[in-house]
Amino acid sequence: MSAKASYSFLIAVILIVPLLVEATISPRKGRVEKTKTTNPLNVLAGPQNESVFNRNLINMRPLPQDILEHNAAYYKDTTYRNFNGTVLGYVTAWNSHGYDVAKMFARKFDIISPVWFQIVKDGDEYKIAGGHDVDVNWMRELKRKGKQERGTTLKIFPRFIFDKFTERDFSRLLSLETERVRLNEILINVCKNYEFDGIVIEFWTQLGGRVDDTFLITLIQKMSEALKKENLRLILVIPPYRQEIPNLFTERHLNQLYKHVYAFSLMTYDYSNPQRPGANSPLYWVRQSVELLAPPTTNDVKTKRRKLLLGLNMYGNDYTPDGGGPIVAGQFLKLLKYTKKRLPFDELDVENYFEVKTEDGRHMVFYPTLYSVHERIKLAQELGTGISIWELGQGLDYFYDLF
């Protein structure tokens with residue numbers, strides 16, 4: 001049964017938040033579960049002799065008790081890999097568990113992207129902020145483990161964003177070659193100082209649709225050329241297909257850039273929000289986003305799709321009458337204790353969800369499960385893409401048995 005026919009709590013929301021009249025979720029019949037799980041839990045944690053496959057935990061409608069007992073238990077051979085495409089994992093300074101996950105499962109990843117840096121302007125000078133977050137010892141240990149376990153060195157591509165740029169700042173950067181040269185030199189110096197292997201750059205959602213995309217393409221091409229001369233590579237973050245707004249990054253853009261860019265980090269998540277509650281990343285939409293960028297009939301389709309890193313969210317959403325917002329593992333597990341029944345499954349979106357009432361009110365919770373993550377990895381294999389994970393540490397540790 002579709003989740004879109006199962007959500008009673010939004011009746012109250014419509015009365016409180018007029019904007020939710022347009023929500024895609026319709027009222028649900030029946031009672032909301034109110035009691036916490038009372039069965040005693042046999043909680044497992046750390047390395048185990050069997051993977052989630054052997055423990056038969058990948059179920060379309062999992063039991064809450066199985067998730068609560070097994071989520072922190074993963075297969076002891078963390079060097080074993082199920083997915084052969086490129087896997088990029090983001091880590092952030094505000095989620096320390098992500099650093100641990102990157103080290104524990106180093107064999108599962110090809111690239112780790114720490115979210116550390118911002119490109120800022122100080123007068124007419126370009127500067128890099130965020131250096132205080134750089135963890136040199138962690139990087140050294142990460143690369144050591146990557147080399148030990150894989151025979152090759154795990155690569156580190158930190159993410160950069162433009163922060164507090166004015167219209168004038170962007171205008172000068174996009175229109176003047178001298179400005180681009182100065183910025184590229186600074187990025188190269190940062191990479192050399194910290195022994196990075198390349199960069200992830202995110203700006204297309206800021207500027208796409210606002211300026212002539214010829215300037216954006218030139219910025220990326222020149223940046224990539226400068227980095228390549230120093231044996232460094234560039235990954236570009238790109239927005240997914242959105243039916244309700246003009247498509248900011250299209251097949252035409254991919255065709256112009258794929259020979260210049262090492263990979264594209266495709267943001268196939270955040271499909272829903274408190275104004276339009278629902279699935280985090282419907283599977284049909286993920287497929288559509290990839291196939292619109294690189295249709296089966298396009299030239300060089302295998303190369304293009306290999307460079308597309310299909311985005312997987314490791315966070316979920318908790319929708320409440322007041323709106324709600326994103327949740328990570330600990331918040332999800334706390335809410336999960338309020339339900340005993342198998343988690344409902346939306347066959348269209350291929351995601352699980354559940355509805356509960358706690359001491360602070362009603363909740364409609366969408367969060368990844370082993371089954372939903374596995375189906376997205378299978379889709380990546382089918383389409384021939386890589387994977388990008390936002391972000392390590394937000395999900396459940398046993399998810400990494402799947403990769």
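Guide: In this predicted model, strand β9 (residues 233-238) is largely enclosed by the rest of the structure, because 5 of its 6 residues are buried. Strand β9 has paired partners in β8 and β10. With strand β8 (residues 198-202), β9 runs parallel, and 4 bridges join the two. One point of reference in this pairing is Gly198, which stands opposite Arg233 in β9. With strand β10 (residues 263-266), the pairing of β9 is again in the parallel sense and extends over 4 bridges. Here Ile238 stands opposite Leu266 in β10.

Helix α10 (residues 283-293) has Leu283, Trp285, Val286, Ser289, Val290 and Leu293 as its buried residues. The spacing of such positions can be read against the geometry of the helix: with 3.6 residues a turn, residues three or four places apart point the same way. The cover over the buried residues of α10 includes β9 and β10, together with α9 (251-257), α11 (301-306), β11 (308-313) and α13 (370-383). The phi of Asp300 is near 60°, a positive value in a residue other than glycine. Asp300 counts as partly exposed, because its relative accessibility is 38%.

On the β8 side, the loop between α6 and β8 contains Glu195. Glu195 is not a glycine, yet it has a positive phi of about 60°. Its relative accessibility is 62%, so Glu195 counts as exposed.

Helix α6 (residues 177-194) packs against helix α8 (residues 213-229) at an angle of about 45°, the axes being 10 Å apart. The two helices are therefore oblique to each other, and their crossing is right-handed. On the α6 side, Glu177, Arg180, Leu183, Asn184, Leu187 and Ile188 take part; on the α8 side they meet Thr218, Leu219, Lys222, Met223, Ala226 and Leu227. By class, the residues of this contact between α6 and α8 comprise 7 nonpolar, 2 polar and 3 charged.

Helix α5 (residues 167-175) contacts α6 as well. The angle between α5 and α6 is about 95°, and their axes lie 5 Å apart. These two helices are therefore roughly perpendicular to each other. Arg172, Leu173, Leu174 and Ser175 of α5 make the contact with Glu177, Glu179, Arg180 and Leu183 of α6. The residues of that contact divide into 3 nonpolar, 1 polar and 4 charged.

Helix α5 passes α8 in a left-handed crossing. In this contact, Leu173, Leu174 and Ser175 of α5 meet Phe215, Leu216 and Leu219 of α8. Its residues are 5 nonpolar and 1 polar, with no charged residue.

Trp390 and Glu391 are joined by a cis peptide bond, with omega at about -15°. Glu391 is placed in the segment after β17, and Gln394 lies in the segment after β17 (386-390) too. Gln394 counts as buried, because its relative accessibility is 9%. Leaving aside residues up to four places away in sequence, Gln394 touches Asn95, Met314, Tyr315, Val328, Ala329 and Tyr367.

As for the setting of these parts, the chain has 13 helices and 17 strands in its secondary structure. Of its 403 residues, 55% count as buried. Among contacts between residues at least 6 apart in sequence, 74% join residues at least 24 apart.

Terms used
Residues numbered from 1 in each chain as written. Predicted model: local features only at pLDDT ≥ 70, side-chain atom pairs only at ≥ 80, totals over all residues. Heavy atoms only, no water. Axes fitted to C-alpha atoms, helices over the stretch in contact; angles between N-to-C directions. Parallel < 35°, antiparallel > 145°, perpendicular 65-115°, else oblique. Contact = heavy atoms within 4.5 Å. Nonpolar A, V, L, I, M, F, W, Y, C, P; charged D, E, K, R; others polar. Buried < 20%, exposed > 50% of the residue type's maximum accessible area, 1.4 Å probe, protein only. Left-handed = near helix turned anticlockwise from the far one by under 90°. Pairing = 2+ DSSP bridges.
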